[in-house]
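Visitor: I'd like to learn how to read a fold from its coordinates. Could you walk me through one?

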Amino acid sequence: MTRVLKFGGTSLGDGERVRRVAEIVGAVAEAGEVKPVVVASAHAGITNLLLAAAEDALAGVEDPVRPVRERQFAILD
């Protein structure tokens, strides 16, 4: 049997939450009763940053994806 596990938003909001998601997926996989399929959507706030980046790109901002990149690196740190 397969179990779909979907995470996004605040459940991926920072590094500690990402680690917790990994623990959950690991526990499901280790139980061996089902095969997990993981779906990860955007981290908390990323969708809004992407929309702002698109607007900034249209406005000619030099590095419109900088806030997205900084947010992602902050999560990884």
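Guide: We'll take strands and helices, then salt bridges, then the surface. This is a predicted model, where local features need pLDDT of at least 70, side-chain atom pairs count only at pLDDT 80 or more, and totals for chains, interfaces and linings use all residues. Residues are numbered from 1 along each chain as its sequence is written, and side-chain values use heavy atoms, with hydrogens and water left out.

Visitor: How many bridges join S1 to S2?

Guide: Helices (H or I, at least four residues) and strands (E, at least two) are DSSP runs, numbered from the N terminus. Two strands pair if DSSP finds at least two bridges between them. Here 7 bridges join S1 to S2 (residues 35-43), and the two run parallel. Between S1 and S2 the chain passes through helix H1 (residues 15-31), in a right-handed β-α-β crossover. Right-handed means that, with the strands pointing away from the viewer, the path from the first strand over the helix to the second runs clockwise.

Visitor: Which side chains meet in salt bridges?

Guide: The rule asks for a side-chain nitrogen of Lys or Arg within 4 Å of a carboxyl oxygen of Asp or Glu. That gives 4 salt bridges. Among them are Arg 19 with Glu 16 at 3.9 Å, Glu 23 with Arg 20 at 3.2 Å, and Asp 63 with Arg 69 at 2.5 Å.

Visitor: Why would helix partners sit three places apart?

Guide: An α-helix has 3.6 residues a turn, so residues three or four places apart point the same way. In H1, Arg 19 and Glu 16 are 3 residues apart, about one helical turn. Glu 23 and Arg 20 also lie 3 residues apart in H1.

Visitor: Is Val 4 buried or exposed?

Guide: Buried is under 20% relative accessible area, exposed over 50%, partly exposed in between (1.4 Å probe, protein chains only). At 56%, Val 4 is exposed. Val 4 lies in S1 (residues 2-9). By contrast, Asp 63 is partly exposed at 33%.
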